[in-house]
Amino acid sequence: MKRIYSVLVENRAGVLSKVAGLFSRRNFNIDSLVVGETADKAVSCMTIVSTGDERTIEQIEKQLNKKIDVIKVKTFKESMSINRELMLIKVKYNKENRRDIMENCTIMNAQIVDMSKNMMLIQICDTSERIELFIEMLKSVSIVEIARTGTVALTKCRENQ
Amino acid sequence: MIGAEAIVKCLENENTEVIFGYSGVAIDPFWNKILDTNIKTVLIRTEQNAAHCASGFARISGKVGVCAVTSGPGATNLITGIATAYADSIPLIAITGQVNSDMIGSDVFQEADITGAVESFVKYSYLIRNVNDIPRIFKEAFYIANTGRKGPVLIDIPFDVQCAVLTEKFSYPETISMRSYKPTVNGNIVQIRKVIKEVEKAERPIICVGGGVHLSGATNELVKFAELNDVPVVSTMMGIGAMPSDHPLFFGMVGNNGKAYANRAMNESDLLLMVGARVADRAVNRPDLITENKVMVHIDVDPAEIGKNVGPTIPLVGDIKHIFNDFLQLDDHPDDHRKWVETLKGYKEEMKTIREPVADGYVDPENYIRTLSKVMKDDAIYVADVGQNQIWSCAYHIVKNGRFLTSGGMGTMGYSIPAAIGGKIADPDKQVVAVIGDGAFQMCMMELATMRQYGVNIKIVIMKNGYLGMVREHQHKAYNDRYSMVELKGDPDISLIAKAYGMAYYCVDGNSDIEEETIKFLSDDRSGIMVVMVDPMALTR
């Protein structure tokens, strides 16, 4: 089962390694981990996507809560939240496939943010699944490099009510 | 005031009586300032044992044990001791010197990233960057170590921070404000009432106690509750002594090294109260059996332990002493489970293990431990090491109102002598006996010098068989007697070691009057070693 953990932590040196270390030490998966500041500069928010059985999911939350630097843990299913990931993808193009690529970008709501005479750099911000799909669509083109941020997520507004 | 003085002041504020440690340039400013206080220092002989000493001290005094060592190898040597304390949830503060702040990360002489290295074995760690943070950090560290699920906290302090002058006036905080750490103390009252109801309803209730009962100081409350409702009690290795071993309601240690009737009692119960126990593999190798056909209540201060190895019917998070006080207060209806207790007494009788007779010339381990236990003082501290000696100790030592210490979680060989030193320093009037094999003895015998230097009078029993017996036993069973890396040849003459350290020496074999010799050994004014000649082929079961 896939779960998203939104973890508020003290913004201190070494916290990222403590949290990441916890996952490897206890044999938990990390599908992705994103960390950034919150409105309060002393607090960071980590968004961790992980898969595991029910017992593992519960243990992850409990073990995260045990960490002294962890202020709060929210665990939720993908369906309960808005999830986004940003990808930059650099591809080689030629006269023949240039149109195709641009059309794909339009369909997937991706933008071409940089270009040279034979390469273009595309940016897309969407769910992980749609990003996978976009990569799939570009498979026929020669992909040079990919950089993905991993998922950030916040629970939907109605979950707060 | 400089950083080193501030550290000392913090320790005074925490009423630290003694620090176990080792010297080195990076921790020297601190050792220099300790001279100006009444805090006792004990110079151990290798850093690992500083943590073990502090652990023994903490377990007997009920306070936080403190150890301090230098940077680099001093700090890394401490790791096994810290990990041992972590596995058994023993509250420790480990102070390590560190190289100058501006050199951190450049691999200078005696530099080690100790906060990184111990991350998986500490409850928390600090690297102090600003000298003015010292009071807050020490206050937090002691609080973290000694509350909730207890454990070691490491504080790494660079040399320059120890020497820097505080720019703020020193004041030791009275309160803690940590938004991210608030351990649960009181149990949920709804759950507590539910448990009381279950005890009332149950026909075959049983309590399994773990080390958490000692850590919470809840032994009296537990015994009272068990007596009030006629509930039999079994224990894990770490829980031994929570109820006197000769109590009519006590039915021994569970687990694959425990008593068959204790396991049977737990499996056949219809209500199991797991109290301050992790349900770890050595205590419960088939978790399904302890949840099958029964209500299982798991009481622990650490919510992460509940459901980690086994899913309980009723989880109850909180401090055991508080929870049992609530039980006693709210349970106005004492229950009668005497019939079940009688059944268990029957099991105990019929499932007695009969050990094979020992080979000629050797001492029967069971007989020896029983005799030792009989002639020891009722309130003595018994420290068992790791290996066959530990299993025999668990099986045959009768804890009356003393304590039983051992490294249960980590199983660290060489724990007993330093832990006994710490225990004796915590309570000098108590008789302290360490029981150890000849393998582990050679891992920690350097501390005989520490005993001598500080006049720490403890009695060391060496169960000598010329083997790493526990592993030999395993190789006997699992590898058909193909022995590898278990035979201890070239043993030193222990009588000469005793002599070298000014200790009394006794030795018993199959022909000795064990009781008479053991009485002499225990009543000798000096620290002493008693070698017990054990058959190398003797088994724990």
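Me: What does B:Thr70 touch, leaving out residues up to four places away in sequence?
Reply: This is a predicted model. In it, B:Thr70 touches B:Tyr22, B:Ser23, B:Gly24, B:Val25, B:Ala26, B:Ile27, B:Gly97 and B:Gln110.

Me: Where is B:Thr70 found?
Reply: In a loop of chain B, between strand 3 (65–69) and helix 4 (73–87).

Me: Is B:Thr70 buried or exposed?
Reply: B:Thr70 is buried, because 25 other C-beta atoms lie within 10 Å. The cut-off for buried is 20 or more.

Me: How far apart in space are B:Thr70 and B:Phe170?
Reply: 25 Å, C-alpha to C-alpha. In sequence they are 100 residues apart.

Me: Switching to sheets. What is the strand order in the open sheet of chain B?
Reply: The order is 9-8-7-10-11-12. That is 6 strands, with parallel pairing.

Me: Which are the edge strands?
Reply: Strand 9 (250–253) and strand 12 (314–317) of chain B. Each pairs on one side only. From one strand to the next, the twist averages 15 degrees.

Me: Over how many bridges do strand 11 and strand 12 of chain B pair?
Reply: 4 bridges, in the parallel sense. Strand 11 of chain B covers residues 295–300. Opposite B:Pro315 in strand 12 of chain B stands B:His298.

Me: Which strands does helix 11 of chain B lie across?
Reply: Helix 11 (residues 260–268) lies across strand 7 (205–209), strand 8 (233–235), strand 9 and strand 10 (271–275) of chain B. The helix runs at about 110 degrees to strand 9 of chain B.

Me: Now helix 14 and helix 15 of chain B. At what angle do they pack?
Reply: About 55 degrees, with the axes 9 Å apart. Helix 14 is residues 365–375 and helix 15 is residues 388–396. Therefore helix 14 of chain B is oblique to helix 15 of chain B.

Me: Is the crossing left-handed or right-handed?
Reply: The crossing of helix 14 and helix 15 of chain B is right-handed.

Me: Which residues make the contact?
Reply: Helix 14 of chain B gives B:Pro365, B:Glu366, B:Ile369, B:Arg370 and B:Ser373. Helix 15 of chain B gives B:Trp392, B:Ser393 and B:Tyr396. By class, the contact has 4 nonpolar, 2 polar and 2 charged residues.

Me: Last topic, the two chains. How many residues are in contact?
Reply: 14 residues of chain A with 12 residues of chain B.

Me: Which element of chain A gives the largest share of the side that touches chain B?
Reply: Helix 2 of chain A, with 5 residues.

Me: And the classes on that side of chain A?
Reply: There are 3 nonpolar, 4 polar and 7 charged residues.

Note on methods
Residues are numbered from 1 along each chain as its sequence is written. Chains are lettered from A and ligands numbered from 1 in the order in which they are written. This is a predicted model: local features need pLDDT of at least 70, side-chain atom pairs count only at pLDDT 80 or more; totals for chains, interfaces and linings use all residues. Axes are lines fitted to C-alpha atoms, for helices over the stretch in contact, and angles run from 0 to 180 degrees between N-to-C directions. Helices (H or I, at least four residues) and strands (E, at least two) are DSSP runs, numbered from the N terminus. Angles under 35 degrees count as roughly parallel, over 145 as roughly antiparallel, 65 to 115 as roughly perpendicular and the rest as oblique. A crossing is left-handed if the near helix is turned anticlockwise from the far one by less than a right angle, and right-handed if clockwise. Two residues are in contact if their C-beta atoms, placed from the backbone, lie within 7 Å. Ala, Val, Leu, Ile, Met, Phe, Trp, Tyr, Cys and Pro count as nonpolar, Asp, Glu, Lys and Arg as charged, and the others, Gly among them, as polar. A residue is buried if 20 or more other C-beta atoms lie within 10 Å of its own, exposed if 12 or fewer, and partly exposed in between; C-beta atoms are placed from the backbone. Two strands pair if DSSP finds at least two bridges between them.
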